[in-house]
Amino acid sequence: MEVAYLQTPIGLTEFKGDEKGLISISVLNDEKPSGIIPEVLEDAVYQFKEYFEGTREHFDLKLNPEGTDFQKKVWEALLNIPYGKTVSYLELSKRLGDPKAIRAVAAANGKNPLWIIVPCHRVIGSNGDLVGYAGGLHRKKWLLEHESPAKQMTLF
């Protein structure tokens, strides 16, 4: 497995993967040297840079996350949440065919190993609150504002 790092506006991102695809992307709270980006991860790092520059809304990468069949089903559903949009955990449960599975869906969402690419940050509480984000609610807020079609303008 290869590893690469990229400094982003909201923290150091760690990429892990091989020729079969990306296994995990996570944000770290500590600093590590960036080093050389392995060829197998170059496209992922490049697409992430574009995302943070605001020029990419969709990712085109080979994914190979490890998880249960149910988790993979939830992660696949997350891929259908459009850029700049949010859904509630209840709505996501309904889309998966079982509104009573809201806690299991939330748990699977929290185990998402592919930060940003599988957009778990786009899932919010039924009342609109920002809840349940492993990377920290400050990062979830930043990501949703970054993707918002109505950017905050400055007065001066």
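Reply: A salt bridge is a side-chain nitrogen of Lys or Arg within 4 Å of a carboxyl oxygen of Asp or Glu. The model is predicted, so local features need pLDDT of at least 70 and side-chain atom pairs pLDDT 80 or more, while totals for chains, interfaces and linings use all residues. Residues are numbered from 1 along each chain as its sequence is written, and side-chain values use heavy atoms, without hydrogens and water.

Me: How many salt bridges are counted between domain 1 and domain 2?

Reply: The count is zero.

Me: How do you know which residues make the contact between them?

Reply: Contact means heavy atoms within 4.5 Å. The contact takes 16 residues from domain 1 and 13 residues from domain 2.

Me: What is the area buried between domain 1 and domain 2?

Reply: Buried area is the accessible area (1.4 Å probe) that two parts lose on being put together, summed over both. Here that area is about 1200 Å², and carbon and sulfur atoms give 71% of it. On the domain 1 side, Ile10, Ile25 and Tyr51 supply 52% of the area buried against domain 2, more than any other three residues.

Me: Which counts as polar contact, and how many residue pairs have it between domain 1 and domain 2?

Reply: A polar contact is a pair of N or O atoms within 3.5 Å; within protein, one must be able to donate a hydrogen and the other to accept it, and residues adjacent in sequence count only if both atoms are side-chain atoms. Six residue pairs (both at pLDDT 80 or more) are in polar contact between domain 1 and domain 2.
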